[in-house]
Amino acid sequence: RGAEVIHAPAIRIVPVADDAELHAATEQLINHPPDVVVVTTGIGFRGWVEAADGWGLGEALIVALRRATLLSRGPKSRGAVRAAGLTDAWSPPSESSAEVLEHLLAGELESVRVAVQLHGEPLPDFVDALDCAGAQVIQVPVYRWVAPDDLGPLDRLLATVLDGGVDAVSFTSAPAAASMLR
């Protein structure tokens, strides 16, 4: 439509396939399957299953997840769940974690094992609310957001914004906006 677009990555995703925390959480869920699994992102869920496959635990993870009630935060996570041969029980129309949390808190959570697939950052409010409701929460860190390898394009974009050379700035995600501000 005639706009001149300046592109600059503000974050990049780093998978944690070799991360000890993900490996430990995966083994914990295989040995003691969860009652509920919250799948927050498609890329994260696919990465988790791929990492488990790499450790020789993929089939066992799918078996453990098949026993659980899976909640997908949105269509991308739902697609990843179904691509793994699983079925999700519910997904919020809003695609928001807040609505997933509300849905969970509407039920009895005392001693319910809830696995929460993190999406780049900890979810302290989400996890704390489940803890307070009596759930046993297992956090599954599947990837992290970090600064881009090359900050040059972002630095040039910021300079252009500060000089008034940009009419609008858009972001693909809230973490990208937070990263730029950092």
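**Briefing: fold, cores and largest pocket**

From the N terminus on, the elements of the protein chain follow the order β-α-β-α-α-β-α-β-α-β-α-β-α-α. That comes to eight helices and six strands, where helices (H or I, at least four residues) and strands (E, at least two) are DSSP runs numbered from the N terminus. This is a predicted model, in which local features need pLDDT of at least 70 and side-chain atom pairs count only at pLDDT 80 or more, while totals for chains, interfaces and linings use all residues. Residues are numbered from 1 along each chain as its sequence is written, and side-chain values use heavy atoms, with hydrogens and water left out.

**Overall**

- The C-alpha atoms of the protein chain fill a box of roughly 55 × 35 × 30 Å, taken along the principal axes.
- Of its 182 residues, 42% count as buried, meaning under 20% relative accessible area with a 1.4 Å probe, protein chains only.
- Among contacts (heavy atoms within 4.5 Å) between residues at least 6 apart in sequence, 68% join residues at least 24 apart.

**Nonpolar cores**

- A nonpolar core is a set of buried Ala, Val, Leu, Ile, Met, Phe, Trp, Tyr and Cys residues joined through side-chain atoms within 4.5 Å.
- The largest such core has 32 residues, and V37, F45, W48, L65, L70, L86 and V140 have the most contacts inside it.
- Elements giving two or more residues to this core include α1 (20-31), β2 (36-39), α2 (42-54) and β6 (136-146).
- Apart from it lies another core of 17 residues, V36, L101, L104 and L123 among them.
- Leaving aside neighbours within four places in sequence, L70 is in contact with V37, V39, L65, V81, L86, T87, D88, A89 and W90.

**D19**

- D19 lies in the loop between β1 (12-15) and α1.
- D19 is buried, with a relative accessible area of 15%.
- A polar atom of the D19 side chain lies 2.7 Å from the backbone nitrogen of E21.
- Beyond its neighbours within four places in sequence, D19 is in contact with W55 and R144.

**Largest pocket**

- The largest pocket has a volume of about 980 Å³.
- Of the 37 residues that line this pocket, S170, F171, T172, S173 and A176 are the closest to its centre.
- At least two lining residues each come from α2, α4, β6, α7 and α8.
- By class, the lining has 21 nonpolar, eleven polar and five charged residues.
- A pocket here is an open set of points on a 1 Å grid over the protein atoms alone, where a 1.4 Å probe fits, with protein on both sides within 12 Å along at least five of seven lines; lining residues have an atom within 4 Å of a point.

Methods: Buried < 20%, exposed > 50% of the residue type's maximum accessible area, 1.4 Å probe, protein only. Polar contact = N/O pair within 3.5 Å; in protein donor to acceptor, adjacent residues only side chain to side chain. Points joined across faces, edges and corners; volume = space filled by probe spheres on them. Nonpolar A, V, L, I, M, F, W, Y, C, P; charged D, E, K, R; others polar.
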